Amino acid sequence: MTSVNPQPINSASDISYEMVCHFLYREARLLDQRKFTEWDNLFAEQGMYWIPLIEDQPDPINHLSLAYEDSMMRQVRINRLNHDRAWSQKPRSRTSHMVSAIVIEKICDETNRLVVGSAFQMAEWRSFGLRTFAGLYTHTLVVSDGHLKIGEKRVDLIDSGEAFEPIEVFI
Amino acid sequence: MDIDRLIKKDEVHRDVYVSEEVFSLEMDRIFGSAWIYVGHDSQIPNPGDYWTTRIGLQSVVMTRGKRDEINIFYNRCPHKGARIAEEGCGHTNGLFRCPYHAWTFNLDGKLRGVPYLDGYQDTSFDLTDPRFSLRKVARVAAYRGFVFASLAEDGAEFEDFLAGVKSSLDNFCDRAPEGTVSVAGGVFRVVQRSNWKIFFENLNDTGHPIATHESSYRAARQYSEEVLDGELPFELHIIDGNGAPPKFWSDLDLHAFDYGHSYMTAIFNAPDDPLSQQYFASLAAKVGEDRAEDILAVNRHNTIIYPSCSPHTSFQQWRVIRPLSVDRTLVEIFTFRLDGAPDELLQRTFTYSNVVNSPSSIVMTDDVHVYAECQKGLSTQGGDWVSQHRNAGQDQPYSGSEGGLIGVGTSELPIRNQFRAWHEYMSEGSGQSVSPEAS
């Protein structure tokens, strides 16, 4: 990220709209390039990746979620995606993300946090063909040690209650 | 169709998985007659609540009526045929109203009103004729809140059907301090590109985890070794279990019963942590320590209630298997609250389900993949017969009170047992199936 943030970031209000856009685009690109470990490094230490099961789901603890993963579960997913005997990854998933309509919804200097909303589509090719995921991202970004990190990435799929074939890669 | 030609003692013909004709006959003879799980009464706690789902290919509505009774009827307006309730849970204030021409029905499905009633004079239409009401399914029965229905007037009694696996439903509920359970947290829905029977066979198949799930248990172990010094937190413990050595699997017990039911003993236990102790205390406070220990000593992995569902008693999961077509199956996964247990226990139930049963589970994805591979392979001309030989002829009658058969953990007993019931249903019998090994 040094190319994006040549100057250390001291607080949330130092962050420009352009930096936020670039951060989200880069995050999506790392996923599409299967650079999962680099992607995971974008998360803050306690950062969470969350795909709610229902619309407006208030919390990930008292309800089922399509995914609710901390650093451990993300890394285990990554380990599996890289394993030779991940049968369902033969051939492996290929994805293309489109991220758009990026809006900074909230900036909080006291907690050094920003809430960023965006719309996305992800096309994924699997052995059974091409499929599309669509929805809204809500990124809670935190400033940590002079860098922008993901405190929470919330993925609200527009069809979250639908019957799915297995979802293996990060959306 | 000659059903007998499809089944041998320890093999089945591939047509049972790939033939449209067989599938169509199954919908008629199995899903059209067996006791099929519809839902849990906690999904419809109040009069006017309803739950719309399927029995085989039939859309049905389960409602709670004014006298607290449970009704199940076909989701089809007797006028033009529109479905009167959308899928999932809903509530209606005292009547169902068809969205097309506003015919209305009481909660028990009886026709209440028809617009432009004058126009029906001197026709064969009759407000009180049952054929102008919502058609009820033939039989409805429930055990401890779990509601089943049969589309056939005749057939096995529900009590007889359930007998072998009743103890699993008892244990499912007895684990709750209040003795009752409630659906909680939503429902996962997963589509598989394979025949419904392939999933059933997998539920008690202990031969597959070491091979199929290698990528996920290795991934969990890698993390444990690299980051946690070999420690396995709850989530990793669950995933790691699939990599247990062969002896672990063969030392398990498999129990099989009439009507295709079976269960296997547990693969792993809940951790002995403060939450488990708190939960035990809440149970013991209600039923006493000795009884609480007895209840928790019954520790089972998947129970199979053939041909529609599979409860997991120790982690409050309930999978429902809904065939969509010969090569498509929908699996719905429900999670249950143990009424009276600490909220944190329900949170652990959700964690378990997120890891194992979510569409994004890193464990299940390899299962779903190999099922689809079976479906593809079985569609080739590479061979007509599918092996079920493992430990055939070695299963023994079980001397315990539940009866049935018992086999070593790696026996294909549950699969052979399912096909005995399948054969019985498909030959237009009741599904009760006395095993050749027991006779």
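1. Chain B and chain A together bury about 3,100 Å², and 60% of that area lies on carbon and sulfur atoms. The model is a predicted one. On the residue level, chain B brings 38 residues to the contact and chain A brings 33 residues.

2. The side of chain B that touches chain A is put together from several elements. At least two residues each come from β12 (181-192), α6 (209-212), α7 (214-227), α8 (234-240), β18 (328-338), α12 (343-356) and α13 (364-378) of chain B. The largest share is that of α7(B), with eight residues. Sorted by kind, the residues on this side of chain B are 18 nonpolar, 14 polar and six charged.

3. Polar links also cross between the chains. There are 24 residue pairs in polar contact across the interface of chain B and chain A, counting pairs with both residues at pLDDT 80 or more. Salt bridges between chain B and chain A number three. One to look up in the structure is B:D366 with A:R80, whose side chains meet with an N to O distance of 2.9 Å.

4. Which residue forms a salt bridge with A:D40? The partner is A:R74, and the closest N and O atoms of the two are 2.5 Å apart. A:D40 belongs to helix α2 (residues 36-40) of chain A and A:R74 to helix α3 (residues 71-81) of chain A, so this pair ties together parts that lie 34 residues apart in sequence. Over all chains, the count of salt bridges comes to 40.

5. Chain A also holds an open sheet of six strands, in the order β2-β1-β6-β5-β4-β3, with mixed pairing.

6. In general, the strands of a sheet pair through backbone hydrogen bonds, and the pairing is either parallel or antiparallel.

Definitions and conventions:
Residues are numbered from 1 along each chain as its sequence is written. Chains are lettered from A and ligands numbered from 1 in the order in which they are written. This is a predicted model: local features need pLDDT of at least 70, side-chain atom pairs count only at pLDDT 80 or more; totals for chains, interfaces and linings use all residues. Side-chain values use heavy atoms; hydrogens and water are left out. Contact means heavy atoms within 4.5 Å. Buried area is the accessible area (1.4 Å probe) that two parts lose on being put together, summed over both. A salt bridge is a side-chain nitrogen of Lys or Arg within 4 Å of a carboxyl oxygen of Asp or Glu. A polar contact is a pair of N or O atoms within 3.5 Å; within protein, one must be able to donate a hydrogen and the other to accept it, and residues adjacent in sequence count only if both atoms are side-chain atoms. Helices (H or I, at least four residues) and strands (E, at least two) are DSSP runs, numbered from the N terminus. Ala, Val, Leu, Ile, Met, Phe, Trp, Tyr, Cys and Pro count as nonpolar, Asp, Glu, Lys and Arg as charged, and the others, Gly among them, as polar. Two strands pair if DSSP finds at least two bridges between them.
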